[in-house]
Structures are given as structure tokens and as C-alpha cells.
Amino acid sequence: MTVFHDSQSTTALVGMAGFVVGAQTLIDGEWWLHVETTASVVGCEVCGTRAVGHGRTRTPVRDLEISGRPTVLVWAKRRWRCPDPDCEVSTWSEHSEQINPKAVMTERARKALADIVNIEGDTIASAAATFGAGWHTANTAVAAYTDPVIADPGRLEGVTAIGVDEKRFLNATPKQRTRFTTQIVDLENHRILDVVEGRSRSALGEWLAERGEEWCAQIQVATLDPAAGYRAALEEHLPNATLVVDHFHAIKLGNTAIDDVRRRVQQDTLGHRGRKGDPLYRARRVLLSASERLTEERFEWMQALVAAGDPDGELGAAWNAKELLRAVYASNDLAHAKRRLTDFYQYAAEVDVHEVIRLARTIDRWQNEILAYHTMGHTSNGRVENLHMLTEKIRRNSHGFTNITNYRRRILGCLGTQWDTIPTHRIRGRQPHLIA
Ligand SMILES: [Zn+2]
């Protein structure tokens, strides 16, 4: 933090060696500090002759905030002249490692801004406002301090279990279809390894190929969103991995079936999409809750709404099917899971509901990967699901992500990198490549 005494005399600018502060003024809620360097004897950088002062130019640069106020350093930057008439150099400006030429922020402010975004998870816009800087200035600073770290191949070393998920990146507009990304997660260390554009076999396959055969051979487990393209890419590139469709992804399929039935029944019975006040629409969220999380009262409320809006019991059937699928995951062991999977198939075959039959077909195509959940030690866990929630939060808070490079940097800067915020000896012991 910058410290200064009074406006009469100069005092050292703490943390920026060689600079002193002169006058200070409060302008529109921001501190403006007049600073200069103390260098008085300077040699010509070509011939070494002692240089002569040649005036000053005033350069404003944004620095760390003081007492919660954005702060501007007005640097009275010296110009120097070489007095030797035979020297090819005429005049030049002094420079500082702490303020790059043409920079609008000091280096320490740029670093602090990047930390606010990467470590505290602020948006670029909010971090920019803290320093009184513009969005592009802030984004450039974050890029400068993040890109080299996320480009370090050491960041991906030692991974043995990955999760692959499809993530919505941009919602559809009248001119453009919805765009997706594929997110690759380290299941053991609960961090995001990468984000690539697209959700196809080739999007994932190319990323895996770039990692190299040695890296791929170390992967023992891969959980995935049940998508055929992902399965094909993982099978092609990961010779030693068992593929798993975990609890989280399978239940998502079950919930999709419930939503689809609800929408169709609403349309069939009411002649329009669900609206506020329609019984099934009112039940839309509770229908997706896990049954054991419902109080008896809430369960009865849900049942009453479903009874009122679903005359043929189709929605109830979809709900039961999801609960039977959940039971597969809740099984104690593989044999138990297999029996419960049979129960699920039998039920789906008995109830004549299109969406439930479709769900059962999908589950059948992924049966090996679903049962592998029980042989691979229950790969999914709350910390990985939490990562998914955090990525979605970053995406939502930073409306404006139209650029995959900015999006990837934000996700990996926040959730893919271990920053130096814990005692250094711990980081050294574990991941020396991160502090290079
Ligand atoms: Zn010279």
C-alpha cells in the first residue's frame, strides 16, 4: 500500500523504489499523486557521457488504491539529452520497470487487478472499477498475468482421472445457434484442466491428442456427459481409462425426461405452455428434487399438483423412473446395482410413456458406463459438482463473454490454477512448476 505524509515535502513511494511523492490532490473521489524519480546522475546509454536534463513530460498511470479510492500517479517523467555532439543519440525519456512505456497502469496495480479477478473471483468490470480503469485495460492486465501460467504444461502434470462435460457458452440469438464448450476437469484435485470450443468428438479428441500419448496413458478413469462423440474420443485416445457415467449426469437425463413429459402434458391438457398458476408448472422445481429431501408435507403438495394436472399419470411415471434410476446409483455394490437397473428397465417397459421409454433406451446404451460407477469407487463427488456451479456463476456474472479466449482465461484463472496464496513452502513442496 502506498503511504505518504503531507503535501509539502516529498516522501518515498512505498513499494516503488526510486520514486518520491510530491503534491497530492483529491479529484472526483480519486487520489492524484505527483511523483518523480530521484535519479539525478544519468549516463548516455550509447556513449556513456553524463546526460543533461531536457525537461519533463507528465504521464498519468493508475496505481494501487489508497483508502478505498482509485489512485493516479502523475509521473513527471524526465527527458535527458546527450551533450556529446558526435553521439547518435539526441534525447530520451527515463524508464522504470514498474511502469511500462505507454502503460496506463503500474505493474503492481496490474498484478493486483489480476489477483482480484483470479483469486477473489471478481468480474473484469468490477476489478476495473476498483482501479478506475477501463474494461480493456483490465482485461489486458489479467491476460498478462494469467496466460503464461495457464499455458505452462506443468499445470496438467500428474493427472490420472478426468471428467468431461458439455457446457453452454452462449445462448442462441436470432442470428446464431447456441454455442457450447467442452470442459475437462481433474477429478482428484478438483480443478478445471481446460475449456475447448465445441462438444464434438473432434473437439475433445484434438485436445487429448495435444496432451500426447504418455499423458493419455496415465488416465485411469474418465467420467463423461453421456454423449456418443465424447465416448468415441475417450475410447480412441485413453487406452487405460474406464469410462464412467456418474450419478450427476445420469440424474440429469432423468430430470430431462421429467421436464419433457411435463411440457407435453401441459400442452395436451391446457393447450398452451405452462404458466404461473398451472399446477404442473408450479410443481416444476419440486419434481426435480431428490425424494428424500422432500418433507412429507412437500411431497403431498407435489402429489396433489401432479394429480390435478396430469390425468393419465404420465408425469408420475417419469418421476418414478428417475427415482428408480437414482436407486441404481445408491446401491451398495455392483450386483445390487444390476438388480436395480433391471427393476428400472421393467418399470420403463410397463408404463407406456414415450419419454420414459426413450430414457430407458439411452440408459441401455450407457449401461456399462453407469455400472462402472460401482467398480471405480464412486467417482463423482460434491467438490466436482461445485466446480460446475462455479463455472456457471462466472459465465453468468460476466455477461459479455462472446470471446472464447476471454472465457477460457477467466475459468482457468479462477478454477484451474493454484495461485500463490498459501505459504510458499507448501506450494514448493507440491507443485514447483507453478511458481516459476
Ligand atoms: Zn551519447
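## Model and overall form

This is a predicted model, in which local features need pLDDT of at least 70, side-chain atom pairs count only at pLDDT 80 or more, and totals for chains, interfaces and linings use all residues. Residues are numbered from 1 along each chain as its sequence is written.

The protein chain has 16 helices and 11 strands; these are DSSP runs numbered from the N terminus, with helices being H or I of at least four residues and strands E of at least two. Its C-alpha trace spans about 100 × 55 × 45 Å along the principal axes. The radius of gyration is 30 Å, whereas a compact globule of 436 residues would have one near 22 Å (taken over C-alpha atoms; the globule rule is 2.2 Å times the number of residues to the power 0.38).

Buried residues account for 32% of the 436 residues. Here, buried means that 20 or more other C-beta atoms lie within 10 Å of a residue's own, exposed means 12 or fewer, and partly exposed is in between, with C-beta atoms placed from the backbone. Of the contacts between residues at least 6 apart in sequence, 57% join residues at least 24 apart; two residues are in contact if their C-beta atoms, placed from the backbone, lie within 7 Å.

## Domains

The domain assignment gives domain 1 (1-104), domain 2 (153-246 + 380-397) and domain 3 (247-375), with bounds from an automatic or database assignment. The centres of domain 2 and domain 3, taken over C-alpha atoms, are 26 Å apart. Their contact takes 9 residues from domain 2 and 11 residues from domain 3. On the domain 2 side, strand S11 (residues 242-244) gives the largest share, 3 residues.

## Nonpolar cores

A nonpolar core is a set of buried Ala, Val, Leu, Ile, Met, Phe, Trp, Tyr and Cys residues joined through C-beta atoms within 7 Å. The largest one has 62 residues, and Ile-162, Ala-222, Leu-234, Ala-318, Ala-321 and Val-356 have the most contacts inside it. Helix H10 (residues 314-330) supplies the largest share of this core, 7 residues. Domain 2 and domain 3 each contribute at least three residues to this core.

What does Val-356 touch, leaving aside its neighbours within four places in sequence? Val-356 is in contact with Ala-257, Ala-317, Ala-318, Ala-321, Ala-348 and Val-351. A second, separate core has 27 residues, including Val-35, Val-61, Val-72 and Ala-138.

## Helix H9

Met-302, Leu-305, Val-306 and Gly-309 of H9 are buried. Seen down the axis, the buried residues of H9 fall within an arc of 95°, so they line one face of the helix; the arc is that of the directions from the helix axis to the C-beta atoms.

The covering of these buried residues includes helix H7 (247-270), helix H8 (279-282) and H10. Turned away from the buried side are the exposed residues Glu-296, Glu-297, Glu-300 and Ala-304.

## Two loop residues with positive phi

Asp-28 sits in the loop between strand S2 (19-27) and strand S3 (30-37). Though not a glycine, Asp-28 has a positive phi near 50°. Asp-28 counts as exposed because it has 8 C-beta neighbours inside 10 Å.

Lys-102 lies in the loop between strand S6 (91-93) and helix H1 (107-118). Lys-102 is not a glycine either, yet its phi is positive at about 70°. With 7 other C-beta atoms within 10 Å, Lys-102 is exposed.
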